[in-house]
Amino acid sequence: MTVRTIDIAVIGGGPAGLTAGLYAARGGAETVIFERQACGGQIITTEQVENYPAFPEGVGGAELGELMTAQTLAQGAEIALFTEVTAIVPADGGFLLETNDAPMHARAVIVATGAVPSKLGIPGEAEFTGRGVSWCATCDGAFYRDKVVAVIGGGDAALEEAMFLTKFATKVYLVHRRHEFRAAQVIVDRLARHEKVEPVLGNVPVEILGDPETGKVCGLVLRDVADGSERTLVLDGVFEFVGTTPISELLSDGLVSTDERGYIRTDARGATGVPGLFAAGDVTESTLKQVVTAAGAGATAGFSALNYLETL
């Protein structure tokens, strides 16, 4: 079987991958972006992005994803949708990409697979996933109209999703293990003024309860971090926003260096230490994980990949 060879393969179609593909294609490289689901990454599940430059009134996450995709295609990049890369193997002066479709050989690779929401790992979480436990308020919020929900987490994502849920729920408990939120102060202040939101600070969730008759969530058991006492919130849904886990399994054989959580280590150019292999966006060991920083890292990786090709 003849294996197609391209200049640059970008794995992941989120903001980092799309921007990397844009820069690579615009630089004249034959570029293919592999995306196993839909382009846009996590932003397509966000109702409104308010901190991306050039949109003073904000922009819908899905709309921003569509605009990024259209711009990347306009520059000549190819997007292989619903194509998952399962392995990256150094071969023939480049890399052989094994996929759920046909294999492909690339002279350089940019990994921009992103990250997925982390789970709590408590009793009831797995049993009631899709039946009251969710990681996407934008996706599932409408199912909780006139109901009571809890949001777990204290960062920007948690508070933004809590605000979104107030459009539907009658009450939103905002549960955080610390005694103060880590989110931007403007978001904290906005929620503090909202009559539907009740902060529950200094508490951690220990179990999600379900109604045996309906098979759906009916409560959340919390433990006070100070005195260990427990109480139960009666509610209909639990939304978790407690961080992310990098999608870096295809590099788990030690091909590149990662930190203890699996985030890929890169230098300022997006290089991994393996010649021709770059990484960008939320899958990397970066401090700030935002659309604008992902796009910037993607641009850097795309430019670095182009420079690498010139050395071959």
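**Exercise 1. Helix H6.** Find how far helix H6 reaches and compare this span with the expected one.

Solution. Step 1: Helix H6 covers residues 291-310, which is 20 residues. Helices (H or I, at least four residues) and strands (E, at least two) are DSSP runs, numbered from the N terminus. Step 2: From its first C-alpha to its last, H6 reaches 29 Å, close to the 28 Å expected at 1.5 Å a residue. The expected span is 1.5 Å times one less than the number of residues in the helix.

The model is predicted: local features need pLDDT of at least 70, side-chain atom pairs count only at pLDDT 80 or more, and totals for chains, interfaces and linings use all residues. Residues are numbered from 1 along each chain as its sequence is written, and side-chain values use heavy atoms, with hydrogens and water left out.

**Exercise 2. The buried residues of H6.** State which residues of H6 are buried and which elements they pack against.

Solution. Step 1: Buried means under 20% relative accessible area, exposed over 50%, and partly exposed in between (1.4 Å probe, protein chains only). Step 2: The buried residues of H6 include Val291, Ala294, Gly298, Ala301, Leu306 and Tyr308. Step 3: Contact means heavy atoms within 4.5 Å. The buried residues of H6 pack against strand S1 (4-11), helix H1 (15-26), helix H2 (61-74), strand S6 (104-111) and S17.

**Exercise 3. Strand S17.** Describe the surroundings of alanine 279 and the ring pair formed by phenylalanine 278.

Solution. Step 1: Alanine 279 is in strand S17 (residues 277-279) and counts as buried, at 4% relative accessibility. Step 2: Not counting residues up to four places away in sequence, alanine 279 touches Val111, Ile264, Thr266, Gly270, Thr272, Thr284 and Ala301. Step 3: Alanine 279 and valine 10 are 269 residues apart in sequence, and their C-alpha atoms are 9.1 Å apart in space.

Step 1: Rings of Phe, Tyr and Trp (its six-membered ring) pair if their centres lie within 6.5 Å; planes under 30 degrees apart count as stacked, over 60 as edge-to-face and the rest as tilted. By this rule there are four aromatic pairs. Step 5: One of them joins tyrosine 144 and phenylalanine 239; the ring centres are 5.3 Å apart and the planes are at 75 degrees, so the pair is edge-to-face. Tyrosine 144 is in the loop between H3 and S9, and phenylalanine 239 is in strand S15, 95 residues apart. Both tyrosine 144 and phenylalanine 239 are buried. Step 6: For phenylalanine 278 and tyrosine 308 the centres are 6.3 Å apart and the planes at 70 degrees, so this pair is edge-to-face. This pair links strand S17, which holds phenylalanine 278, to helix H6, which holds tyrosine 308, across 30 residues. Phenylalanine 278 and tyrosine 308 are both buried.

**Exercise 4. Helix H4.** Explain why helix H4 is described as largely enclosed.

Solution. Step 1: Helix H4 spans residues 156-165, and seven of its 10 residues are buried, so it is largely enclosed by the rest of the structure. Step 2: These buried residues are Ala158, Leu159, Glu161, Ala162, Met163, Phe164 and Leu165. Step 3: They pack against H3, S9, strand S10 (171-176), helix H5 (185-192) and S15.

**Exercise 5. Threonine 99.** Locate threonine 99 and list the polar atoms that its side chain meets.

Solution. Step 1: Threonine 99 is in strand S5 (residues 94-99) and is buried, with a relative accessible area of 14%. Step 2: A polar atom of its side chain lies 2.8 Å from the backbone nitrogen of aspartate 101. The backbone oxygen of alanine 102 lies 3.0 Å from a polar atom of the threonine 99 side chain. Step 3: Leaving aside neighbours within four places in sequence, threonine 99 is in contact with Phe34, Thr83, Glu84, Val85 and Thr86.

Definitions and conventions. Polar contact = N/O pair within 3.5 Å; in protein donor to acceptor, adjacent residues only side chain to side chain.
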